[in-house]
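Dear colleague,

I am passing on the structure below, followed by my notes on what was found in it. Please read the two side by side.

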Amino acid sequence: MNFEQKQELREFNCLYKEIEKLYHDIAIKAGMSDSSFFILYTIVELGNGCLQKDVSDMYSINKQTIHSSIRNLEKNGYIFLKKGKGRNMHIYLTEEGEKLIQQKMIPIMEAENDVFTAMTAQESKELLRLNKKYTALLHQKMSRFL
């Protein structure tokens, strides 16, 4: 095989995987799966009543995984579902879910905010700009494989 991967790509992939592992470890330490973590995260971001589809779209998690995790969160008494228009299901926190959010999710999200606070406004904007550019170019180059 004759392929030479650029050093920058190797480093970027390692950083991406390191961040992914960090969130996985945080979810495990909090006693939940990655998808359950991101369901609760989305509820904090978008508010009570967000849709299952919102979670799937925001974090690129397949609908079957979301459905399974929602059932587990529901079984554990953290959320309940309400039917919306058509097939839409809205996700709401129970009292126990609210406690879980306050104890587990809010401190994590505050730490994330602190990271951006530790950077200058210019650094934050540059980080976002370059990640958006990379993502757009990646979509463009990878579209032929989809």
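Read along the sequence, the protein chain runs α-α-β-α-α-β-β-α-α, which amounts to six helices and three strands; helices here are DSSP runs of H or I with at least four residues, strands are runs of E with at least two, and both are numbered from the N terminus. This is a predicted model, in which local features need pLDDT of at least 70 and side-chain atom pairs count only at pLDDT 80 or more, whereas totals for chains, interfaces and linings use all residues. Residues are numbered from 1 along each chain as its sequence is written, and side-chain values use heavy atoms, with hydrogens and water left out.

As for overall dimensions, the C-alpha atoms of the protein chain fill a box of roughly 55 × 40 × 25 Å, taken along the principal axes. Of the 146 residues in the chain, 25% are buried, where buried means under 20% relative accessible area, exposed means over 50%, and partly exposed lies in between (1.4 Å probe, protein chains only). Among contacts (heavy atoms within 4.5 Å) between residues at least 6 apart in sequence, 44% join residues at least 24 apart.

The largest nonpolar core has 24 residues, of which M32, F37, I39, L40, I43, I79 and I91 touch the most other members; such a core is a set of buried Ala, Val, Leu, Ile, Met, Phe, Trp, Tyr and Cys residues joined through side-chain atoms within 4.5 Å. Two or more residues each come from α2 (34-46), α4 (63-75), β2 (79-83), β3 (89-93) and α5, and the largest share, six residues, is that of α2. In soluble globular proteins, nonpolar side chains tend to be buried together. Leaving aside residues up to four places away in sequence, I79 touches L40, I43, I70, L73, E74, I91, Y92, L93 and T94.

Helix α2 also packs against α1, at an angle of about 90° and with the axes 9 Å apart; the axes are lines fitted to C-alpha atoms, for helices over the stretch in contact, and angles run from 0 to 180 degrees between N-to-C directions. The two helices are therefore roughly perpendicular, a term that covers angles of 65 to 115 degrees. On the α1 side Y23, H24, I26 and A27 meet D34, F37 and F38 of α2, and the residues of this contact divide into five nonpolar, one polar and one charged (Ala, Val, Leu, Ile, Met, Phe, Trp, Tyr, Cys and Pro count as nonpolar, Asp, Glu, Lys and Arg as charged, and the others, Gly among them, as polar).

Finally, the structure holds six salt bridges, each a side-chain nitrogen of Lys or Arg within 4 Å of a carboxyl oxygen of Asp or Glu. One of them joins K21 and D25 at 2.7 Å, N to O; both residues lie in helix α1 (residues 7-29), four residues apart, about one turn of the helix, and D25 counts as partly exposed because its relative accessibility is 35%. In another, the closest N and O atoms of K99 and E96 are 3.3 Å apart, and these residues are separated by about one helical turn because they are three residues apart in helix α5 (residues 95-118). K99 is partly exposed at 40% relative accessibility, as is E96 at 42%. E126 and R129 form a salt bridge with their closest N and O atoms 2.9 Å apart.

Best regards

Methods:
Parallel < 35°, antiparallel > 145°, perpendicular 65-115°, else oblique.
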